[in-house]
Amino acid sequence: MSKVLILADFVGTKATKTNAELATAAARIGEVTAVVLAPTGQGTIYASAINRGPIANIIVVESDAFASNGVAAVADVLAQIITAQSPSAVLVASHAFGKEVAARTAVKTGSGIITDAVDVSADITATQLVFGGSTTVHSKVSHGTPIITVRPNSVDASTTESTPSIETISLTVSDDSKKATVTSSQPPVQGGRPELTEANIVVSGGRGTNGDFSAVENFADVLGAAVGASRAATDAGWYPHSHQVGQTGKTVSPQLYVANGISGAIQHRAGMQTSKTIVVVNKDPEAPLFEIADFGVVGDLFAVLPKATEGIKAHKS
Amino acid sequence: MKIAVCVKQVPDSWAEKKMVNGILDRENVDAVLNDLDEYAVEEALRIAEAHGGNEEGGSNTVTVISMGPERATEAVRKALSMGVNDAILVTDPQLAGADALATSAVLAAVIEKGGFDLVICGTESTDARMSVVPAMLAERLNAAQLTFASKVAVDPATCKVSITRVTEAGVDEMHGQFPCVISVVEKINEPRYPSFKGIMAAKKKSIDSRDLATVGVSAIAAWSLVADATPRPARAAGIKVTDDGTAGEQLVKYLAEKKLI
């Protein structure tokens, strides 16, 4: 049976739920081996966190270079494992770090790369939604080992518990991969809310908030949602740029996207129109975003959201 | 310092984009300098200005490098009008449909010949949105990768570059020695508008146009191929209610019916 590698995804010491998604997609192609790259002495702890989804084996490599030299060190070791294992494909989480690791690994191994896949089939065809989700593309890598980054939250993951075999191997990170040094790392400040691209629900605010995100945040919190913002809102300095959804910001594809006071320029749509269900609240009945809303409310978000927030609290109790 | 800025001409991000024969149709759409590359141009100019400027005979030069069809000269000229010293455009019919690997190979060859201390890029192009070319360049050039920078500090005396890297994974402080490949995030600066003087000066500057043979790279086929591309059916609008004081409750009811809460 063919072998498929996934690069285990961690935020700090915590394994993300993306691992089960990567494993589920990879298992369609072949037997899944998760590559766990851990700080020296931490391999067992890191590996034990990779316990969901169809994972047959884990390869652990320990090195402090992964944290202190970042992308280059990770790509160095991943490429060595690819060369040794000759997998039929490699799947990596599609975020900034994962895409950069995939990029360098592709160059090192002479392999084609596809990023931002929302699905991968048994014959290693990747599905992508391009041009802001307006076009579906199927692509295949035609050279080397297909290296595919898969967007978090896209694959319906099997989360059955797995008991993979664990093998720790020793590999050296070359000096060429230590040209950039990380001196300090701080996890993102999220105030307890889920990460925007991983969240099942995203509640966003735009120009219509007039800079007051409290109603948006309260509604997000009652739903356990991440908070997003339109470019107009981040440009005005009302919300951090890291929360911007759209063409020049993040692309999200949650189960539910609630846009509040966002008119819906193509720039914003590009970042959210693949959401499964879209709710739009806007005072302006002509707001273009209503065209793609599954449920639209013409009304003042400061009147509608507090009532909806109370309604959800009542529904839960 | 010799600073290179890699830029790309892209379809206007407000324009409707289409695939033709598996590649993006660049002919029938307005083309502009990639929004996110303007921050890279600005940052390069600011670094040069902070360390002696980039005037004729000054201690720094800023060169803009691009790959694309001949009409990409428009985007390159925009960078020139902002105050960049010179420009190299690699244009060759064999490069149509080039993927990120091919693009990075071509750019790396040009950069290597030029012997640059710093290579500055935007984080992504607004058309392909892969965010992989800066990392590929660092790999190919064997240079320090300092990407997703929200802050860049350069010390020419010690050849040291320090950045603050901002991604969804958090905030990192990083540093490396020349040569470095830097990508800068949106909002690292406020890109300048070209001055009238700058626009006039840019018109007079010649763009060094090179084909693949001159660059010294043989034609590279794309290593990932599009099998098919289909426009997704437009999303139809669903229910639309006007708030009469009960819209909040109606919304909750809708979410409950859809089992979203």
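This is a predicted model: local features need pLDDT of at least 70, side-chain atom pairs count only at pLDDT 80 or more; totals for chains, interfaces and linings use all residues.

## Helix H1 of chain B

Helix H1 of chain B runs over residues 35–50, and its 16 residues reach 24 Å from the first C-alpha to the last, close to the 22 Å expected at 1.5 Å a residue. Because 12 of its 16 residues are buried, H1(B) is largely enclosed by the rest of the structure; among the buried residues are B:Leu36, B:Tyr39, B:Val41, B:Leu45 and B:Ile47. Just after H1(B), B:Gly52 takes a positive phi of about 105°.

## The sheet and its edges

Strands of a sheet pair through backbone hydrogen bonds, either parallel or antiparallel. Here 10 strands form an open sheet with mixed pairing, in the order S12(A)-S11(B)-S10(B)-S9(B)-S12(B)-S8(B)-S1(B)-S6(B)-S7(B)-S13(B). Strand S12 (180–186) of chain A and strand S13 (207–210) of chain B stand at the edges, each with a single partner strand, so one side of each is left without a neighbour in the sheet. From one strand to the next, the twist averages 30°.

Within this sheet, strand S8 (residues 118–122) and strand S12 (residues 180–184), both of chain B, run parallel and are joined by five bridges, with B:Val119 standing opposite B:Val181 in S12(B). Helix H3 (residues 100–114) of chain B lies across strands S1, S6, S7 and S8 of chain B, and runs at about 150° to S6(B).

Conventions: Residues are numbered from 1 along each chain as its sequence is written. Chains are lettered from A and ligands numbered from 1 in the order in which they are written. Helices (H or I, at least four residues) and strands (E, at least two) are DSSP runs, numbered from the N terminus. The expected span of a helix is 1.5 Å times one less than its number of residues. A residue is buried if 20 or more other C-beta atoms lie within 10 Å of its own, exposed if 12 or fewer, and partly exposed in between; C-beta atoms are placed from the backbone. Two strands pair if DSSP finds at least two bridges between them. Axes are lines fitted to C-alpha atoms, for helices over the stretch in contact, and angles run from 0 to 180 degrees between N-to-C directions. Two residues are in contact if their C-beta atoms, placed from the backbone, lie within 7 Å.
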